[in-house]
Amino acid sequence: EFCVDFGKIILKDEIIRKNRRIVSGWTLQQRAQLGEPYHWISHVPSAAEADIAAFIAKEEFVQVGEKPGIPLHSFETHVKRKKDVVQFDMDPEGKVLAGHETWYAIQRSHMISQIGGQDVRLQLRTRNPLRPQEMDTVRKMKILDISGDAVNSALPAEMGQVVYTSENRVTLWEKQGANGVVYLLKKIDREPLIITKTEDEDPRVEYSITTTIPNCDLNWFANDIFDLSTRFANVLTPHFVAEFGTEVKPIAFENE
């Protein structure tokens, strides 16, 4: 599938080489793509909700119900095993709905806001479901102990370690585009419950636009989803700058 999500790319120190802090956009993109010296945090400011609703109406998205593989209320859990990390989706009672390998990005690019606003991540990605034998084993055990507001790992140690769990509430909208393309706009209200990384600790609102790769002119498709994503990012940017104070200020160089 092709997935676009919205947030902020946080660069790590290792993206700077030879102490050169000013590089071309092309060089920055190459380093970010090849070595991934960054954190990506998906997040949309809650103050943008009214403008998002206007965007949804203007772009003729229509709210839809649950889709196959996309539960509207679930617990998302990542389990670290000896050689990999897998993801399980569970219902509010802890019953396993699905199990997958983590997403693999075939191609990934970022549009970094030049004014400190909402960044955009574009990915051509895929993932495989776990084998039926693995799912049969998983369904016989308890992964989470869910009791009221308390959620704890119940996974046997020999099966791996729960490294992340969040409670997700999802809202979906669809847009029938040209050339048979269907865009799915997904909102996730995410409440982290079990974490091992500090950047995962805060509740957040996430938006993404996804679609399967269409059987049409791919140049047209790339331009169409790029334009749609840019329009959405432009709606979000003023709220992002206001909430996080990320406005870029020009650097004044003194004359020698």
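Me: What share of the 256 residues in the protein chain is buried?
Reply: Happy to start there, keeping in mind that this is a predicted model. A residue counts as buried when its relative accessible area is under 20%. Among the 256 residues of the protein chain, the buried share is 43%.

Me: How many helices and strands does the protein chain have, and what is its radius of gyration?
Reply: The secondary structure comes to four helices and 13 strands. For 256 residues the globule rule gives 18 Å, and the chain's value is close to that, so the chain is as compact as a globular protein of that length. Along the principal axes, the C-alpha trace spans about 70 × 45 × 35 Å. The radius of gyration itself is 20 Å.

Me: Which percentage of the accessible surface of the protein chain belongs to carbon and sulfur atoms?
Reply: Let's begin with the total: the accessible surface of the protein chain is about 15,300 Å². The part belonging to carbon and sulfur atoms is 50%.

Me: How far apart do the centres of the positive and negative side chains lie?
Reply: The protein chain carries 31 positive side chains and 38 negative ones.

Me: Is Asn 223 buried, partly exposed or exposed?
Reply: Asn 223 sits in helix α4, which covers residues 218-244. Buried means under 20% and exposed means over 50%, with partly exposed in between. The relative accessible area of Asn 223 is 48%, so this residue is partly exposed.

Conventions:
Residues are numbered from 1 along each chain as its sequence is written. This is a predicted model: local features need pLDDT of at least 70, side-chain atom pairs count only at pLDDT 80 or more; totals for chains, interfaces and linings use all residues. Side-chain values use heavy atoms; hydrogens and water are left out. Helices (H or I, at least four residues) and strands (E, at least two) are DSSP runs, numbered from the N terminus. Buried means under 20% relative accessible area, exposed over 50%, partly exposed in between (1.4 Å probe, protein chains only). The radius of gyration is taken over C-alpha atoms; the globule rule is 2.2 Å times the number of residues to the power 0.38. Accessible areas come from the Shrake-Rupley method with a 1.4 Å probe; for residues, only the protein chains shown count as cover. Lys and Arg count as positive and Asp and Glu as negative; His and the chain ends are not counted. The place of a charge is taken as NZ of Lys, CZ of Arg, CG of Asp or CD of Glu.
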